[in-house]
Amino acid sequence: MISTYEEALNFIHGRTQFKKIPTLKRMRRFLAELGNPQDGLKYIHVTGTNGKGSTVAMMRSMLMNSGLNVGSFTSPFITRFNERIEYNAEQISDADLTRLTDRVARVVAKLDDELEEGGPTEFEIDTAIMFCYMQEKQPDVVLLEVGIGGLYDSTNVIVPEVSVITTVGWDHMKYLGNTLAAIATQKAGIIKQDRPVVIGKLASSADAVIRVTAEEKQARLYALDEEFTAQKLSQHEFFAGIKYQGLSLSNFQCKLGLGGDYQVENAAVAITAVQIFLDRIGLPLDRSALKNGLNETRWPGRLEVVNDAPLVLLDGAHNLPGIQALVQTIKDDFADRDVYLLVAILADKQYDLMLGELASLGNVHITVTHFAGPGPKRPSADLATIGEEIPSRYPIETNDNWQLAFQNIASQLSEDDALIITGSLYFISDVRKLFSDN
């Protein structure tokens with residue numbers, strides 16, 4: 001019996017994270033035991049190496065502004081677990097999470113006894129709780145973000161109205177494969193028969209895999225820079241104004257509420273997916289609803305402004321493509337100021353390449369540090385040694401205590417400088433508690 005919020009979280013986080021053989025059979029059995037709560041709802045299914053969360057946030061804001069009730073499932077959380085399961089941008093309550101975890105735990109106990117490989121994993125349990133919650137709330141649409149990959153992800157038990165693949169890059173290679181084509185094959189797993197798919201800018205090897213899958217499934221493909229385009233209206237603006245063209249929208253201009261150049265492409269993908277979804281359910285397109293939605297979008301930990309003067313940003317760039325996008329933003333929008341970077345990265349990431357990208361910038365002062373990490377099996381990388389080997393304009397500083405490192409940097413910032421804290425969403429989650437009033 002799970003009767004408190006703490007017991008619910010302990011149960012969820014106490015489960016194994018991965019099984020040796022990827023399969024959806026266990027998840028389907030799990031949901032069948034729960035009465036298939038996923039059935040009867042409309043979905044937009046989103047995968048990608050980077051940009052999933054921001055794209056979901058923009059779609060949610062546009063759809064809510066269009067008058068729809070919107071459920072969303074995202075990961076990881078930044079401050080509280082409840083952020084992962086939301087209805088109209090409101091987190092699931094502690095009481096609902098506790099009640100539904102108790103319901104799900106009873107089925108988990110049964111499957112632990114009956115299945116040879118044991119019962120559901122942590123993420124399968126997260127997914128099941130979300131489906132049970134959405135069955136109760138009955139939103140007009142659920143924005144479903146994939147955990148890892150797509151093909152064998154526990155969310156991949158639905159047939160969406162639209163599939164979205166934002167990017168394909170290097171991450172989670174242990175589970176997804178060591179080539180972009182292999183990773184793309186996993187992500188292409190969310191493409192379903194006769195259901196449209198929207199894709200962002202992909203490397204040619206990944207793009208080819210997605211197109212073959214779409215053709216096999218007779219899924220109409222909408223690709224960035226082909227069926228739709230988006231341009232930044234003026235350079236050196238942190239919050240971009242964009243011009244979008246595609247489908248039934250021509251010369252659509254708006255200002256984004258999320259900062260960073262990479263949000264231009266995410267916005268283009270989001271606008272396209274929303275247009276397709278509204279058309280599929282027979283709702284007219286309201287340009288002002290899309291414009292207001294994009295302008296009002298906020299998403300924690302993605303170039304999130306937590307202080308204005310001096311500018312302090314939290315950016316959860318946690319893999320090589322994410323860091324490369326951050327580097328481009330610094331080049332485009334912060335070239336005229338000194339940028340201080342506080343960096344911590346998990347040891348299972350490409351931390352040497354990530355740090356090298358940041359150190360290539362001529363106007364950055366880097367301090368590397370440690371943080372606890374999500375658990376003993378996923379520690380923070382020791383960046384001190386690697387920092388000594390990487391060439392940079394200013395020496396890379398080391399401070400193992402991130403709180404002290406933050407204080408040291410903050411004390412030397414002028415009003416015109418910028419501080420960006422980055423390298424891991426888990427690290428950002430810890431740091432964000434310093435700004436809990438924001």
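Q: What makes S2 and S5 paired strands?
A: Strand S2 (residues 70-73) and strand S5 (residues 141-145) run parallel and are joined by four bridges. Pairing asks for at least two bridges found by DSSP, so S2 and S5 qualify. Strands here are DSSP runs (E, at least two residues) and helices are runs of H or I with at least four, numbered from the N terminus.

A quick note on the basis: this is a predicted model, where local features need pLDDT of at least 70, side-chain atom pairs count only at pLDDT 80 or more, and totals for chains, interfaces and linings use all residues. Residues are numbered from 1 along each chain as its sequence is written, and side-chain values use heavy atoms, leaving out hydrogens and water.

Q: Why do S4 and S8 stand at the edges?
A: The open, mixed sheet has the order S4-S3-S2-S5-S1-S6-S7-S8. Strand S4 (90-91) and strand S8 (221-223) each have a single partner strand, so one side of each lacks a neighbour in the sheet.

Q: How do you know which residues of H7 and H8 meet?
A: Contact means heavy atoms within 4.5 Å. In H7, Leu180, Ala181, Ala184 and Thr185 meet Ser205, Ala206, Val209 and Ile210 of H8.

Q: What does Met59 touch?
A: Leaving aside residues up to four places away in sequence, Met59 touches Ile44, Val46, Leu143, Ala270, Ala273 and Val274.
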